[in-house]
Structure formats: structure tokens, C-alpha cells
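Welcome! Let us take a friendly walk through a protein model, one part at a time. Please have a look at the sequence and the 3D view before reading on.

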Amino acid sequence: MPALRIVRDFPRRVRVIENLWIPMADGCRLAARVWLPADAEADPVPALLEYMPYRKRDFTRPRDEPLHHYMAGHGYASIRLDLRGSGESDGVLLDEYLEREQLDALDAIAWIADQPWCDGNVGMFGISWGGFNALQVAAWRPPALKAIVTLCSTDDRYADDGVSRTH
């Protein structure tokens, strides 16, 4: 069996912003960790947003680092955003998949698209909760959102959200 190859060199150098505040329309701030190609402000890039409640400085951090670093190293701004009321974000998380969560994502996408390091195009990706909210946000059709990639999610929460059935 061949040895696992760890890639440390990417086409573009990467700069990490440990904590960036993204303002919401109602004054709340959401906390993001951002990986950028080092030259993105001179040569803007598309952005990829992962948006979920699992605290960016906690147990997802070992997974986040190589994933988002890889994206940035290949020419994307990669953003890991804590939901309102989770991690370091302001507010209170009242339940899952509320309209407020979707409205915050719309604000975040518009803000990201307007940054000097972004070319105005944003994608969303996620597994489970992150995938559910990508589907829900895409239904709003925000102008800057150009693509989503979801895993382990569904657009039919009644029939498919964590339900185990036998036929």
C-alpha cells in the first residue's frame, strides 16, 4: 500500500484571518475564520462559504484547517462562519434551520461578495447542517450565490431529516 502523501505546496500562498466579523443588517456580528490566497486583494477570487453552528475554534478546527487551506491554495477565498449564537458569533441560537439563519446567510453572502478580495461570486458547501442551510439559502436566490455543494442533506426535511424508516 502506498504511503499517504501530504501536500503542503499549493499553486497560491495562503493567508489566514483567524477571526473576521461579518456584520448583519440588524447589528449582530457573525464570526468567521478566513483562508485567502495571499494575493487576493490584488487579484480577487471567488469565495466559498461553509456556514454551521459547530464552533470554528473547537472540535471542527482540525478538519477545517486542511480543507479550507486547500481551497485557498487553489484560488478561492474559503470562509468558515459560525451561525448566530454559536461559537464566537453574537446572538442566541434558538433552533435549527430558522428563517433568521437563512437571512443571516443572505447578509453574509452579500458582504463577502462586496469584499476587495472577492470577485463577487460566492458558493456554499456543507455536510448535514451546512448542507441543509446551503439548500435553503439557495432557494432565496441571492444574486452572488453561484453554486452549492451539499452532502448528507435534503430539501425534504419532513421525510428525510434524520429519519430511519423501513419499507
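## About the model

This is a predicted model, in which local features need pLDDT of at least 70 and side-chain atom pairs count only at pLDDT 80 or more, while totals for chains, interfaces and linings use all residues. Residues are numbered from 1 along each chain as its sequence is written, and side-chain values use heavy atoms, with hydrogens and water left out.

## The overall layout

The protein has 4 helices and 6 strands. Helices (H or I, at least four residues) and strands (E, at least two) are DSSP runs, numbered from the N terminus. Read from the N terminus on, the order of elements is β-β-β-α-β-α-β-α-β-α.

Of the 167 residues, 44% count as buried. Here, buried means under 20% relative accessible area, exposed means over 50%, and partly exposed is in between, with a 1.4 Å probe and protein chains only. A contact means heavy atoms within 4.5 Å. Among contacts between residues at least 6 apart in sequence, 67% join residues at least 24 apart.

Strand E4 covers residues 77–82, and 6 of its 6 residues are buried. Both of its faces are covered: Ala77, Ile79 and Leu81 are buried on one side, and Ser78, Arg80 and Asp82 are buried on the other.

Which strands pair with E4? Two strands pair if DSSP finds at least two bridges between them. E2 pairs with E4 in the antiparallel sense over 4 bridges, and tryptophan 35 has serine 78 in E4 as its bridge partner. E3 and E4 run parallel and are joined by 6 bridges, with leucine 81 in E4 as the bridge partner of tyrosine 51.

## The nonpolar core

In soluble globular proteins, nonpolar side chains tend to be buried together. A nonpolar core is a set of buried Ala, Val, Leu, Ile, Met, Phe, Trp, Tyr and Cys residues joined through side-chain atoms within 4.5 Å. In this model the largest such core has 36 residues, and those with the most contacts inside it are Leu49, Ile79, Leu81, Ile112, Trp117 and Val122. The elements that give two or more residues to it are E1, E2, E3, E4, H2, E5 and H3. Helix H2 gives the most, with 7 residues.

Leaving out residues up to four places away in sequence, leucine 49 touches Ile79, Leu81, Ile109, Ile112, Val122, Gly123, Met124 and Phe125. The C-alpha atoms of leucine 49 and serine 78 are 6.1 Å apart, although these residues are 29 residues apart along the chain.

Helix H2 has 15 residues and reaches 21 Å from its first C-alpha to its last, close to the 21 Å expected at 1.5 Å a residue. That expected span is 1.5 Å times one less than the number of residues. The buried residues of H2 include Leu106, Ile109 and Ile112.

Glutamine 102 also lies in H2. Is its side of the story buried or exposed? Glutamine 102 is buried, with a relative accessible area of 12%. Beyond its neighbours within four places in sequence, glutamine 102 is in contact with Tyr97, Gln136, Val137 and Trp140. In helix H3, 8 of the 10 residues are buried, and Gln136 and Val137 are among them.

The structure holds 1 aromatic pair. The rings of phenylalanine 10 and tyrosine 70 have their centres 5.7 Å apart and their planes at 90°, so the pair is edge-to-face. Rings of Phe, Tyr and Trp (its six-membered ring) pair if their centres lie within 6.5 Å; planes under 30 degrees apart count as stacked, over 60 as edge-to-face and the rest as tilted. Phenylalanine 10 lies in the segment before strand E1 and tyrosine 70 in helix H1, so the pair ties together parts that are 60 residues apart in sequence. Tyrosine 70 is partly exposed, at 46% relative accessible area.

Most residues other than glycine have a negative phi. Arginine 141 has a positive phi, near 60°. This arginine lies in the loop between H3 and strand E6 and is exposed, with a relative accessible area of 72%.
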